[in-house]
Amino acid sequence: MTDAMQSDTDAVFREIRALLEAHNPNRIEISEETDLSADLNIDSVAAMDLLMNIEDKFEIDIPLNLVGELRSVRDLADVVRAQLKDG
């Protein structure tokens, strides 16, 4: 991975981590391995709110068929990166 690609990858993660802080009342350290449900207690309503914020922030559309597969912050970041690349 080139430095520019790594920088873009890090930027996506940083932006997602910042958006997740609203869903992090226990102030745990958010990493790519953080489980959205188990660690952050994000339920389906909060997940839809988060996804709308991410779509607005990155100006992308996340297909609903992918939502059920999102378990970790890495999964979420990977979907965002794929949508940005395909966009």
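Hi everyone, and thanks for coming. Please keep in mind as we go that this structure is a predicted model.

Let's begin with the whole chain. How many helices and strands does the chain have? There are 4 helices and 0 strands, and reading along the sequence gives the pattern α-α-α-α. Of the 87 residues in the chain, 33% are buried. The accessible surface comes to about 5,600 Å², and carbon and sulfur atoms account for 49% of that surface. Now take the contacts between residues at least 6 apart in sequence: 52% of them join residues at least 24 apart.

Next, let's walk along helix α2. This helix has 15 residues, and from its first C-alpha to its last it reaches 21 Å, close to the 21 Å expected at 1.5 Å a residue. What caps the N-terminal end of α2? That is Asp-43, with a side-chain oxygen lying 3.2 Å from the backbone nitrogen of Val-45. After the helix comes Glu-59, and its phi is positive, near 55°.

Which residues of α2 are buried? They are Ala-46, Leu-50, Leu-51, Ile-54, Glu-55 and Phe-58. Compare that list with Met-52, which is also found in helix α2 but counts as partly exposed, at 47% relative accessibility. If you'd like a distance to check on screen, the C-alpha atoms of Met-52 and Ile-62 are separated by 8.8 Å, and these two residues are 10 apart along the chain.

In soluble globular proteins, nonpolar side chains tend to be buried together. Here, the largest nonpolar core has 21 residues, and Ile-16, Leu-20 and Ile-54 have the most contacts inside it. Helices α1, α2 and α4 each supply at least two residues of this core. What does Ile-54 touch, leaving out residues up to four places away in sequence? Its partners are Ile-16, Leu-19, Glu-59, Ile-60, Ile-62, Leu-76 and Val-80.

Now for the charged side chains.

In one of them, the side chains of Glu-32 and Arg-74 meet at 3.2 Å, N to O. Glu-32 sits in the loop between α1 and α2, while Arg-74 belongs to helix α4 (residues 73-86), 42 residues apart. In the other, Arg-81 meets Glu-32 at 3.4 Å, N to O. Arg-81 is in helix α4 as well, and this pair is 49 residues apart.

Finally, Glu-32, Glu-33, Arg-74, Asp-78 and Arg-81 are linked in a network of salt bridges.

That's my tour, and I'm happy to take questions!

Methods:
Residues are numbered from 1 along each chain as its sequence is written. This is a predicted model: local features need pLDDT of at least 70, side-chain atom pairs count only at pLDDT 80 or more; totals for chains, interfaces and linings use all residues. Side-chain values use heavy atoms; hydrogens and water are left out. A salt bridge is a side-chain nitrogen of Lys or Arg within 4 Å of a carboxyl oxygen of Asp or Glu. The expected span of a helix is 1.5 Å times one less than its number of residues. Buried means under 20% relative accessible area, exposed over 50%, partly exposed in between (1.4 Å probe, protein chains only). A polar contact is a pair of N or O atoms within 3.5 Å; within protein, one must be able to donate a hydrogen and the other to accept it, and residues adjacent in sequence count only if both atoms are side-chain atoms. A nonpolar core is a set of buried Ala, Val, Leu, Ile, Met, Phe, Trp, Tyr and Cys residues joined through side-chain atoms within 4.5 Å. Contact means heavy atoms within 4.5 Å. Accessible areas come from the Shrake-Rupley method with a 1.4 Å probe; for residues, only the protein chains shown count as cover.
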